[in-house]
Amino acid sequence: MGLGPTRLLRDGGLTKQLEALGLRVEVEEIEPVDESMPEIARVIELDRRLAMLVRESVDAGSFPLVLAGNCNSCLGTVAGVGPEGLGVIWFDAHADFDTAEDNVSGFFDVMGLSILTGSAFQALSETIPGFSRIEESHVLLAGVRDLEPYQERRLRGSEVQALFGERLRREGLTAALEPAVEELRSSTSTAYLHLDLDSLDPSEGRANEYAAPGGLSLAELEDGIDLVFERFRVRAAAVTAYNPEEDPEGRMLQTAQHVITAVARNAR
C-alpha cells in the first residue's frame with residue numbers, strides 16, 4: 001500500500017485536478033527510512049517525520065491533506081496538528097483497534113486507532129513530537145463491518161462511538177451520521193478526518209486486499225465528508241490504504257481522486 005500515494009499523485013494527475021479548483025498545492029514527500037529497521041520502528045520514524053511536516057503546514061496557514069499507505073499515519077498527522085481537544089472522525093471497514101495483547105494477525109496497521117487512543121504502544125508513540133492520546137469518547141468510527149469476534153467485542157466495550165456497516169445500510173449514511181456527529185460536537189468543535197478507502201464498497205473499485213462488501217458508495221462518502229466539514233473545523237485529513245496492485249483497471253484510482261477532491265473542495 002506504500003505505492004498508493006505515489007500512484008495518486010503522479011499517474012492520477014491529482015495535483016492538476018486540485019489546481020483546477022483554484023487551490024494552491026504544495027507537495028511534500030517523506031523520504032523512505034532505512035529498510036533494515038524493524039517494521040514498527042520504521043513506521044514510527046515515518047510518523048515522527050510526518051508530524052514535523054504537518055506542523056510546518058499548520059504554522060504556514062495551510063491545510064494538511066495526507067496521502068498515506070497505511071492508517072498508522074494518523075499518529076503523525078494528529079501529533080502535527082495538536083491533539084488537545086481534537087475529535088476524530090474515522091471512516092474504515094476495520095476498527096484498527098487491536099492491541100498487542102489481543103492481536104493475532106501480527107499486522108501493525110490494525111493498531112492505529114488503539115495507539116491513537118492510548119491503549120497500545122504508549123511509550124513508543126510518545127516519541128512522536130507533539131503526540132498525546134485522544135480520548136476514546138472523542139472518536140467516531142463509521143462504516144466498520146469487517147471484524148473478528150474479539151475485535152468487535154473490544155470495540156463495543158470501548159467508549160468509541162461506532163456506526164457499523166449494517167446500520168448504515170439500514171438507515172442510510174446521513175441519517176445515522178448526523179446524530180453521531182452532533183453527539184461528538186457536544187465535546188469538541190475541531191476534528192481530524194480519516195478516510196480509509198476500504199470504507200467504500202468494492203463496487204466503487206478495490207482499494208486494497210482487505211476490501212470487504214457492504215461498504216459505502218462514493219456518493220455516500222462524499223456526503224459524509226461534506227457533513228463533517230459543515231459541523232467541525234477540520235484541522236487535517238488523511239486518505240489512506242490505496243494499493244494499486246489490487247486495482248489493475250484503475251477504478252479505485254479514479255474513485256480516490258473524487259474523495260480527495262471532495263476533501264480539498266471543503267477545506268479551501
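## Basis of the model

Because the model is predicted, local features need pLDDT of at least 70 and side-chain atom pairs count only at pLDDT 80 or more, whereas totals for chains, interfaces and linings use all residues. Residues are numbered from 1 along each chain as its sequence is written, and side-chain values use heavy atoms, with hydrogens and water left out.

## The sheet

Six strands make up an open sheet with parallel pairing, in the order E1-E6-E5-E2-E3-E4. Helices (H or I, at least four residues) and strands (E, at least two) are DSSP runs numbered from the N terminus, and two strands pair if DSSP finds at least two bridges between them. E1 and E4 stand at the edges with a single partner strand each, so one side of each has no neighbour in the sheet. On average, neighbouring strands are turned by 15 degrees against each other, direction ignored.

Within the sheet, E2 and E5 are joined in the parallel sense by five bridges. Ile89 stands opposite Leu193 in E5. Helix H9 (residues 173-185) lies across E2, strand E3 (139-144) and E4, and runs at about 180 degrees to E4. Axes here are lines fitted to C-alpha atoms, for helices over the stretch in contact, and angles run from 0 to 180 degrees between N-to-C directions.

## Helix H4

Helix H4 (residues 73-81) is largely enclosed by the rest of the structure, because nine of its nine residues are buried. Buried means under 20% relative accessible area, exposed over 50%, and partly exposed in between (1.4 Å probe, protein chains only). The buried residues of H4 pack against helix H3 (39-59), strand E1 (65-68), strand E2 (87-91), helix H5 (112-116), strand E5 (190-196) and strand E6 (233-240), where contact means heavy atoms within 4.5 Å. Gly82 follows H4 and has a positive phi, near 100 degrees.

## Leu163 in strand E4

Leu163 belongs to strand E4 (residues 161-164) and counts as buried at 1% relative accessibility. Not counting residues up to four places away in sequence, Leu163 touches Leu140, Leu141, Ala142, Gly143, Val144, Leu168, Ala176, Leu177 and Ala180. Leu163 and Ser217 are 54 residues apart in sequence and 16 Å apart in space, C-alpha to C-alpha.

## Aromatic rings and charges

Rings of Phe, Tyr and Trp (its six-membered ring) pair if their centres lie within 6.5 Å; planes under 30 degrees apart count as stacked, over 60 as edge-to-face and the rest as tilted. The count comes to three aromatic pairs by this rule. Among them is the edge-to-face pair of Phe108 and Phe121, at 5.3 Å centre to centre with 85 degrees between the planes. Phe108 lies in the loop between E2 and H5 and Phe121 in the loop between H5 and helix H6 (122-125), so the pair ties together parts 13 residues apart in sequence. Phe108 is buried at 3% relative accessibility, whereas Phe121 is partly exposed at 26%.

A charge sits over a ring if NZ of Lys or CZ of Arg is within 6 Å of the ring centre and within 35 degrees of the ring normal. The charged end of Arg154 sits over the ring of Phe97, 4.0 Å from its centre, and that of Arg156 sits over the ring of Phe164, 4.1 Å from its centre.
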